[in-house]
Amino acid sequence: MHLSNLHTHSVFCDGKETIEHMAQRAYEMGLVSLGFSGHGPQTINLFGMRGETKYAAEVRRVAKLYEGRMKIWLGIEQDYFGYRTIPYDYRLGTVHYLDGRDGVVHSVDHSEESFERLLREGFSGDALAMAKNYYTREVEMCKRIRPDVIAHYDLICKFNEGGRFFDEDDPAYQALALEALEACCDGTRLLEVNTGAIARGRRTRPYPALRQLKRWRELGGRVTFGSDCHDAEKLICGLDAALEVMRAAGFRSIWRLGEGDELFVEEAL
Ligand SMILES: [Zn+2]
Ligand SMILES: [Zn+2]
């Protein structure tokens, strides 16, 4: 299998390393293609990237250095609250924030403490209400942004391995997640299997959950791999686990960034 990753951060947002260093490590690890997906600017808080033009110019400059050896694509991770001022080769669509009933916009994935606050103060401990809010926002994000890839679809499960905060097997929860997935599939065909929480030691398994991946396949959707990399040494962290869950869901192929002119290419699993 040819190695590739489409979900990569750098010092232009909250990543640890420069574009050039990330590219160098990717090349040394044998990746045939690499996509940068800096957090785009957002209408709330200052977390999103500033200086899109500089970011894009740097990605294009480094892409030239690797021309003919490893293809580098310019992407963006665009949140529900995100926007962009320049064109990109591809866009990841994501949801990182929820409006709580307490009138506060809470982060879903910043830390375990912030997630606890979201659930306790934002939704009075009602996990189903939180999940409904989250998946509704996923659908809205997909309809508005029309991303090329839906990334970390069930991010509310980041800190929930073993059912710490809520029961992912609850049929009511499953119904919310699966119905929203169907609505998302209307516009976007590519779903990311994300291993970012494995790299951070938060989970042993990638997300989305197996049930959701199975439904995605039934809907005719495709899957891709993203390590949500913020640290060059973890560029392909969790790849084996991701491939395993894709196969378990019945997928026969994976889509990845191409090494030529084609943005996405299919490869047998
Ligand atoms: Zn994200
Ligand atoms: Zn990311």
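## Helix α4 and its surroundings

The buried residues of helix α4 pack against β3 (71–79), β4 (90–94), β5 (97–99), α3 (112–122), β7 and α5. Contact here is a matter of C-beta atoms, placed from the backbone, lying within 7 Å of each other. This is a predicted model, in which local features need pLDDT of at least 70 and side-chain atom pairs count only at pLDDT 80 or more, while totals for chains, interfaces and linings use all residues. Residues are numbered from 1 along each chain as its sequence is written, and chains are lettered from A and ligands numbered from 1 in the order in which they are written.

So which residues of α4 are buried? They are M130, A131, N133, Y134, Y135, E138, M141, C142 and I145. "Buried" stands for 20 or more other C-beta atoms within 10 Å of a residue's own, "exposed" for 12 or fewer, and "partly exposed" for anything in between, with C-beta atoms placed from the backbone. The helices (H or I, at least four residues) and strands (E, at least two) are DSSP runs, numbered from the N terminus.

The length of α4 checks out too: its 19 residues (127–145) should span 27 Å at 1.5 Å a residue, and the end C-alpha atoms are 26 Å apart, which agrees. That expected span is 1.5 Å times one less than the number of residues.

R146 follows α4 and has a positive phi, near 50 degrees, in a residue other than glycine. It sits in the loop between α4 and β7. Is R146 buried or exposed? It counts as exposed, because it has 11 C-beta neighbours inside 10 Å.

Leaving out residues up to four places away in sequence, R146 touches G187 and T188. The C-alpha atoms of R146 and G187 are separated by 6.3 Å, although the two are 41 residues apart along the chain.

## Helix α3

On α3, the buried residues are F115, L118, L119 and G122. They lie on the same side of the helix, because they cover an arc of only 110 degrees around the axis; the arc is taken from the directions from the helix axis to the C-beta atoms. Their cover includes β5, β6 (105–107) and α4. Just after α3 comes S124, with a positive phi of about 50 degrees.

## Strands around β8

Strand β8 (residues 190–194) is largely enclosed by the rest of the structure, because 4 of its 5 residues are buried. It pairs with β7 (residues 149–150) in the parallel sense over 2 bridges; pairing calls for at least two DSSP bridges between the strands. Within that pair, V149 stands opposite L190. The chain gets from β7 to β8 through helix α5 (residues 171–184), in a right-handed β-α-β crossover. Right-handed means that, with the strands pointing away from the viewer, the path from the first strand over the helix to the second runs clockwise.

β8 also runs parallel to β9 (residues 222–226), joined to it by 5 bridges, and there L191 faces V223.

## The nonpolar core

The largest nonpolar core has 72 residues, and V59, M130, V223 and M246 have the most contacts inside it. Such a core is a set of buried Ala, Val, Leu, Ile, Met, Phe, Trp, Tyr and Cys residues joined through C-beta atoms within 7 Å. α4 gives the most to this core, with 7 residues. Leaving aside neighbours within four places in sequence, V59 is in contact with I19, F36, I72 and L74.

Note on methods. Contact = placed C-beta atoms within 7 Å.
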